[in-house]
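Please read these notes with the model open beside you. Take the points in order.

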Amino acid sequence: MSDSSDTEKAVAAHAGSGKDDSMEKQKAMTADHFRALTRAREEGKKVVYTFVPGNLTELMHAFDVLPVYPEINALQSAMRQRSAQFIGEAERSGHSEDVCTYVKCDLGMIKNGNIGPTGEKLPPPDLLLLSYTGCFTFMKWFELLRQEYDCPVVMLHTPYQSEGRVTDNMRQYMVDQLRNEVIPAFERLTGKTYDEDRLRECLRKSARAEDDMVAVLESAKHRPSPIDAYFGGVYYIGPMFTAFRGTDAAVDYYSTLRREIDARVAQGLGPITPEGEMGPERYRLVVEGPPNWTSFREFWRMFAEEGAVVVASSYTKVGGVYDLGFRHDPEHPLETLADYCLGCYTNRSLPQRIDLLEQYMNDYSADGLLINSVKSCNSFSAGQLLILRQIEARTGLAGGFIETDLVDPRYFSAANVKNRIESYLQMIDQKRQQRRQSLGGSGGSPPPPGSTPLFSPGAEGQP
Amino acid sequence: MSGTLKVHVGVDLGSTTTKAVVLDTSGEILGRGITNSRSNYALASEIAREEARVSARFALLDRALAADDLLATDADRFRNRLLTLFRQRQHVTQLGRLREVSLAEAHADRVKHIRDGLLGRLRDIFDALERDANAPSIETMLASEKRSSDFFRDRAGSAFSRLAEASGASCSGAGGSSVCGEGKRTHVTFDDLMGIFDKAIIQVENTPIDLTFEGNIRDALDACTHGLPEALRERFRRAVDTVVGRSIEEVRTVGTGYGRQTLPFDRRDVRSEILCHGLGAHRQFPTTRTVLDIGGQDTKAIQVDGSGIVTSFQMNDRCAAGCGRYLGYIADEMSLGVHELGPLAMKSTRRVKISSTCTVFAGAELRDRLSLGDRREDILAGLHRAIILRAMALLARSGGIEETFTFTGGVANNAAAVKALRQLVQENYGERTLNISPGSIYTGALGAALFAQRGEDDEARPGQEVAA
Ligand code: SF4
């Protein structure tokens, strides 16, 4: 996740020592990866396109293939202000306004020469690894890419946690697919035989980096929080959720990042924002839903200017919910890949998501839950109002709702979004004042009108 | 009645109109003012505040008259007549300015070729306008100032265009027959005249003019008491003087509304209109738990608790479909005033089903329907229902409609919208108490004024205590 935007430069100033080690490292890793992609053909490396949620990065490293993530390409295009044009082209070629804009942005980018974030052309895929984690769009997306590139597709179907837990059956079903479908497809692609020891080695490195990443995300429990776990968070999850999990580079990146954040905690510093050090922390929010990428910086500023810091977010769990304790386990390589895919945020049932957000509200001493509902994404958006009502009812804290899109600038109205954020934060002020005035000053406000608990807290256990 | 009167002021800067409310220390509404929001938001805010100050002074005058045994007997009639004459003074002042600016505009190079004709025609038109303004007939016009769309711009605009049209077609009424001939020779068209008006009215609206109570009341009073015995006149004069002499201290002003960011207010004195509408509606109807506000640019569904504190809200996304502005487009498309839409829709006998409330396609939808042979009133009834349907979706998302429900914002004055709302609430939620305040357009400004009054304990806005 690297481009040379101002945002990045600001975030890059994160090092406690005053240097920006972790961000420099992330930049270098990304540059290396894209360089490798442009040379893939001449170096005889195979290229696999796949999705972020439920990605099998360690397995790809074990086979020495290079991953490309179309979702990341789409959000990068948006941050470089190219998405409007790409989406427009996709719509002109017949894709409806209602199709997920990641897909249209990607298609438009392909039509424009498939130029990646570093300005170099991305190689076409030799294989499409369709790791399906609940989003039907994934299937349609790769159907389109298959048509475009005429290359094989292998699908890994992750069953939805409709019962709110992972059963042995589900896990076995996935291990069977890995063994009988995915691994043979990689063997055919590369001409190499599956080397389980190599996979274990990658998984061991994953687990180490995962420990450090969780420590970074959980640093937000401090007051003030040293990080913004949403806007800043998307940078921190970058290497873990994309091509680098299971590599030495990722291990190094996360230990560096953790040191930097620890130093900020020790100094009692708050987050760095695109405008520099954030002022006093006034609001601690949990945010549900992906960010908007076309106006990412402006969006962030709307929070930072008001002293609102995001202490936990669900979006930084799309590529794995590590803070509930899951780590890749080298002792059970295929089972652990199965568990990883099954546990991604959008593969969790609504009651599980609600429980998780409630836990965040409590563990991170949040003032409220804010939902950014993006037009594109059904995996996120379906059920969000229910989530909101439930969290309000359970915690008595303020819930807020804003609407934007991932990468379509037509769905980001700055005035409207700002108005809602401000109104929401003022609502929190009022709730606080009310609480101060009420005797004792502790305890939550009564639940808002019209909210009937549909799921009782804790009824659905976490795996 | 002496000493300084302390007041709190709320200003609601909407996309169409700007409103101000003045509260006295006991929380009673002392004055209200409204004007059209123009390109200069700060000035619109100042004019609305001035209007509210004027109405506050008239409220003080009521108190002064009531306190005088002699004057109290006929206080209402006197006061109403004085108010009318006061409005007339304001109107004449603005007309004078409009004349100056219009004549100056006629000297622009752009209209050099028709300058003489233009000047002649403008003078005639303004002579006629001023005669009308000073004639008693203006009183009836001004007395019907209940309609919020009746700002100087609208009143002067319709009179000007009537005269511009008439003087082009025939010479009747314009001073001197030579003007007519001259107009023809120099090709001054109706459009030329309206072009001047459009340019001039913007300038007039965007430069400050003295419309204060203090600046205009004495002339009005003279006219009002003309012919009365001198002793009585003196008594009225004294009553007015005490009001003029009363100093009013605006302790704090809080701004809200669509344009609140542009107000020259401290950040601490700015509140979201969602919170203000919640609090304002609670003040108007204390048992209210759900508030629907349909303004020019957005529609908001708000839930409040027993003290008027917002607990949840939803508003339209970036798309202004189904907001007040949409009715504005429809009105333009039909060459009607916005306030005429509701009454027309109420005449509908067979509502047409309208699918889109998209502001951009409003005109197309309307023309389609007309070309299919549907009647205007039936189309309008359908449009009003479509707007309310969108609002119903927001209400559902915000948590539904509680027992006591209040409808605010400009659209709450529209009978057809209210009718559609009642029907849909009944269909979806059953029996509910629907409140609409006659002053619903001021709800946001009222909420802002209440926030201003809460003032001091409110100062501890976002919590340093949290960071500590
Ligand atoms: S709908 Fe959501 S999960 Fe599916 S591809 Fe689009 S953004 Fe991703």
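1. Ground rules. This is a predicted model, in which local features need pLDDT of at least 70 and side-chain atom pairs count only at pLDDT 80 or more, while totals for chains, interfaces and linings use all residues. Residues are numbered from 1 along each chain as its sequence is written, chains are lettered from A and ligands numbered from 1 in the order in which they are written, and side-chain values use heavy atoms, with hydrogens and water left out.

2. The contact between the chains. Chain A gives 36 residues and chain B gives 39 residues. Contact here means heavy atoms within 4.5 Å. Together the two chains bury about 3300 Å², with 44% of it on carbon and sulfur atoms. Buried area is the accessible area (1.4 Å probe) that two parts lose on being put together, summed over both.

3. B:Arg397 pairs with A:Glu403, and their closest N and O atoms are 3.2 Å apart. A salt bridge needs a side-chain nitrogen of Lys or Arg within 4 Å of a carboxyl oxygen of Asp or Glu. There are also 11 residue pairs in polar contact between the chains, both residues being at pLDDT 80 or more. A polar contact is a pair of N or O atoms within 3.5 Å; within protein, one must be able to donate a hydrogen and the other to accept it, and residues adjacent in sequence count only if both atoms are side-chain atoms.

4. The chain A side. Two or more residues come from each of α16 (384-395), β10 (398-404) and α17 (414-437) of chain A. The largest share, 16 residues, belongs to α17(A). Helices (H or I, at least four residues) and strands (E, at least two) are DSSP runs, numbered from the N terminus. By class, this side has 11 nonpolar, 10 polar and 15 charged residues. Ala, Val, Leu, Ile, Met, Phe, Trp, Tyr, Cys and Pro count as nonpolar, Asp, Glu, Lys and Arg as charged, and the others, Gly among them, as polar.

5. The whole structure has 5 cavities of 30 Å³ or more. A cavity is a set of points on a 1 Å grid over the protein atoms alone where a 1.4 Å probe fits but cannot get out; lining residues have an atom within 4 Å of a point. Points are joined across faces, edges and corners, and volume is the space filled by probe spheres set on them. The largest cavity holds about 320 Å³. Its lining has 23 residues; A:Pro53, A:Glu71, A:Tyr102, A:Phe138 and A:Cys377 are the closest to its centre. The lining divides into 19 nonpolar, 3 polar and 1 charged.

6. The second largest cavity. Its volume is about 130 Å³. Of its 14 lining residues, A:His33, A:Phe34, A:Tyr69, A:Ile72 and A:Thr242 lie nearest the centre. α2(A) gives the most, with 4 residues. The lining has 9 nonpolar, 5 polar and no charged residues.

7. Backbone details. Most residues other than glycine have a negative phi, and most peptide bonds are trans. A:Arg223 and A:Pro224 are joined by a cis peptide bond, with omega about -10 degrees. A:Ser365 has a positive phi, near 45 degrees.

8. Salt bridges overall. Over all chains there are 64. In one of them, A:Arg35 meets A:Asp32, the closest N and O atoms being 3.0 Å apart. These residues are 3 apart in helix α2 of chain A, so about one helical turn separates A:Arg35 and A:Asp32.

Terms used. On a 1 Å grid over the protein atoms alone, a cavity is a set of points where a 1.4 Å probe fits but cannot get out, and a pocket is an open set with protein on both sides within 12 Å along at least five of seven lines; lining residues have an atom within 4 Å of a point.
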